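Let us walk through a protein model step by step. Keep the sequence and the 3D view side by side as you read.

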Amino acid sequence: MMMIKTRFPRCLVLVGAAAVLTACGSLAAAPEHSGSRHGAPMPPASLASRLDDPPSGGESASSGPGHGGGAQGGGLEGVPPSGGASASDGGQGASGAYRRWGLDRPLERPPAPPAVKPSLERSGPWGLPPIVRRVPTDKRVVFVTIDDGIEKDPRFVEQARDLGLPFTGFLTDNVIGTHYDYFDRLRRLGNSMENHTLTHPNLAGMAYDDQVREICGQRDNVWNHFGQQPRLFRPPFGEYDDSMLRAAAFCGVRTVVLWRAEMETHGLAYRSGGHLLPGDIVLAHFRGPEQLEGKSMTDMITELVRAIQAQGFTIGRLEDYV
């Protein structure tokens, strides 16, 4: 009897420990809830899936085609989140490779991104995405964005890799066609690919249902090709209205990205003033000799980087701030 009494408490301890471990394992395996409603008016169900659901026909973010395991295109194939090269290079890009592209010096590393992303001013009621032309920061960093997708110059993939060039792509389906694989190569360098509509219309003044079709349709394409839910949106021509903001919110857009400086054929043009400011968003395009008066896309990017360096700035990763 004494032996039974002595062992009984130990048995209880073992059973209790096993129960605790089982419960912990269940908690660890429990899926996290993702997504939240923006409260935007719902369009007809035939136009788009619910905001929190994967687009119809798409795969999960962990198994989408070409998905490299990084969130929003960052941290892919060994590239640091800021898009820079390894610390041993002493700067961004492969050591000395900047000379190949006609630069006098490599891109300096951008400053460390803020631990908390800065607050962005909202242009309408709560629940609609904010609009940003310039990121709130006092650091000497600007952000390069590249639109559309007309040009698919393979040398630009090499240039972006050699320079460690961080940028954000905003893709339009009807000029990309079947060439999403090209932009996936750029994405795998650490550059996020975001939403720029299906056919590049001026959305301002369009019917809400048509706005949803353009925005959600390209959201679905980005998801299906990259396994990535685009959260940034650039309206074609920078034109928008309240209806577009509601449509963007419904399609999962968190921030509408405009620009303050644009790379044109003959250099940078500014919406105000005559120089870059800290946090400026710079617009460029996937264009080639037909659109650039005989210059290649790599020529245009070299001129853009030179102009940014000449004003004492480096280039950061927009997704680290918005």
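A disulfide is a pair of cysteine sulfur atoms within 2.5 Å. The structure holds one. This is a predicted model, where local features need pLDDT of at least 70, side-chain atom pairs count only at pLDDT 80 or more, and totals for chains, interfaces and linings use all residues. Residues are numbered from 1 along each chain as its sequence is written, and side-chain values use heavy atoms, with hydrogens and water left out.

Find C216 and C251. A disulfide joins them, with 1.9 Å from S to S. The torsion about their S-S bond is about -105°, so the disulfide is left-handed. C216 sits in helix 5, while C251 lies in the loop between helix 6 (242–250) and strand 6 (255–257). Helices (H or I, at least four residues) and strands (E, at least two) are DSSP runs, numbered from the N terminus. Both C216 and C251 are buried, meaning under 20% relative accessible area; exposed is over 50%, and partly exposed is in between (1.4 Å probe, protein chains only).

Now turn to the nonpolar cores. Such a core is a set of buried Ala, Val, Leu, Ile, Met, Phe, Trp, Tyr and Cys residues joined through side-chain atoms within 4.5 Å. The largest has 39 residues, of which F156, F167 and L186 touch the most other members. Its largest share, six residues, comes from helix 7. Apart from it lies another core of 32 residues, including V253 and Y321.
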